[in-house]
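Keep the sequence and the 3D view open as you read.

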Amino acid sequence: MGTPTTSPARLSDAYAAVRQRVAAAAERSGRPADAVNVVAVTKYAAPDQIRQLVELGHADLGESRAQQLQQRVPQLAEYLERRDRMADVSDNKDRAAVPDKVRWHMIGQLQRNKAKQIAPLVDLIHSVDSLRLAEELQAIAGKREQQVDLLIQVNIAGEADKGGVALPAAVHLAETIDSMLDLRLRGLMCMAPYADDPEQARPVFKRCAELFSEVRKEGIGGETFNVLSMGMSGDYEVAIEEGANVVRIGSALFGDG
């Protein structure tokens with residue numbers, strides 16, 4: 001286990017380094033840096049680290065655990081509301097970078113019995129991997145009269161210990177979700193098997209990108225099917241090179257607990 005990045009200076013440096021590496025990988029893939037969105041995974045982050053990252057101008061935060069998400073969302077919202085009140089009576093220029101809105105992402109496995117609590121808290125669910133979960137989210141969205149945005153998680157490598165719909169069933173699940181009135185299918189998510197060499201993840205990312213293109217060619221999801229979430233701290237540069245436009249980065253920013 002590593003040492004968490006607790007120093008504000010170290011977090012600022014780590015954030016700058018990640019942004020630089022994202023930009024370089026995007027350039028290698030023929031895209032501008034702003035074509036790739038970084039979701040900062042807060043699993044091992046302390047509340048003050050999350051606040052600092054937002055103060056640095058970062059808007060997208062991800063959690064893998066439902067209970068943690070239920071705690072972090074209102075905590076940060078309260079902080080930002082208090083900051084805004086202070087800004088009304090202050091000319092503190094250091095606050096200028098803070099985004100107008102923070103977007104939360106559910107990136108971990110979502111159990112159906114937690115979906116009702118989590119759906120209102122997040123802007124995007126990355127981990128829908130079954131028709132039963134999709135149906136639960138459709139029921140929740142229908143009652144709330146508000147669409148739920150989601151990604152289908154695909155188990156490209158067929159790992160038994162990871163979530164995700166099996167690759168052969170992915171297109172059918174996408175078609176079915178696309179037919180649900182109150183769900184908006186935004187794209188795909190995958191995770192590569194852990195490896196010391198990030199190059200070993202390349203075939204997984206390449207296959208997921210191919211599947212993403214196949215679904216788009218079929219017209220499933222329409223114009224808003226445009227999110228390919230691949231890559232974590234150990235392999236995000238390879239994922240970007242293979243077409244990812246969302247990467248999920250935790251330990252490279254905050255340490256790994």
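Q: In which helix does Ala209 lie?
A: This is a predicted model, in which local features need pLDDT of at least 70, side-chain atom pairs count only at pLDDT 80 or more, and totals for chains, interfaces and linings use all residues. Residues are numbered from 1 along each chain as its sequence is written, and side-chain values use heavy atoms, with hydrogens and water left out. Helices (H or I, at least four residues) and strands (E, at least two) are DSSP runs, numbered from the N terminus. Ala209 falls within residues 202-217, which form helix H7.

Q: Is Ala209 buried or exposed?
A: Buried means under 20% relative accessible area, exposed means over 50%, and partly exposed is in between (1.4 Å probe, protein chains only). The relative accessibility of Ala209 is 13%, so Ala209 counts as buried.

Q: Which residues does Ala209 touch, not counting residues up to four places away in sequence?
A: Contact means heavy atoms within 4.5 Å. Ala209 and Leu228 are 19 residues apart along the chain, with 7.4 Å between their C-alpha atoms. The residues touched by Ala209 are Leu228, Met230 and Glu242.

Q: Which residues are in contact with Gln52, leaving aside neighbours within four places in sequence?
A: Gln52 is part of helix H2. Gln52 has 16% relative accessibility, so it counts as buried. Its contacts are Pro8, Leu11 and Ser12.

Q: Where is the place of Thr42?
A: Look at strand S1 (37-41) and helix H2 (47-55). Thr42 sits in the loop between S1 and H2.

Q: With which side chain does the side chain of Thr42 make a polar contact?
A: Thr42 is buried, with a relative accessible area of 0%. Among the residues it touches are Ile50, Arg72, Trp104 and Phe254. A polar contact is a pair of N or O atoms within 3.5 Å; within protein, one must be able to donate a hydrogen and the other to accept it, and residues adjacent in sequence count only if both atoms are side-chain atoms. At 2.9 Å, the partner of Thr42 is the side chain of Glu63.

Q: In S9, what is the bridge partner of Ala40?
A: Two strands pair if DSSP finds at least two bridges between them. S1 and S9 have 4 bridges and pair in the parallel sense. Asn37 stands opposite Val246 in S9. For Ala40, the partner in S9 is Ile249.

Q: Which residue in S2 does Ala40 stand opposite?
A: S1 also runs parallel to strand S2 (residues 60-63), joined by 2 bridges. S1 is mostly covered, with 4 of its 5 residues buried. In S2, Ala40 stands opposite Leu61.

Q: Which residues of S9 point the other way from Val246 and Arg248?
A: Val246 and Arg248 point one way, and the residues on both sides are buried. Pointing the other way are Val247 and Ile249.

Q: How many residues of S4 are buried?
A: S4 runs parallel to strand S3 (residues 103-106), with 2 bridges, and His105 has Leu124 as its partner in S4. S4 also runs parallel to S5, again with 2 bridges, and Ile125 stands opposite Leu150 in S5. S4 is largely enclosed by the rest of the structure, because its buried residues number 5 of the 5.

Q: Which residues are closest to the centre of the largest pocket?
A: On a 1 Å grid over the protein atoms alone, a cavity is a set of points where a 1.4 Å probe fits but cannot get out, while a pocket is an open set with protein on both sides within 12 Å along at least five of seven lines; lining residues have an atom within 4 Å of a point. The largest pocket holds about 940 Å³ of space (grid points are joined across faces, edges and corners, and a volume is the space filled by probe spheres set on the points). Of its 33 lining residues, the closest to the centre are Lys43, Met191, Met232, Ser233 and Arg248.

Q: Which strands each supply at least two residues of the lining of the second largest pocket?
A: The second largest pocket has a volume of about 230 Å³. Its lining has 15 residues, and among the closest to the centre are Ala119 and Gln146. The strands are S4 (124-128) and S5 (148-155).
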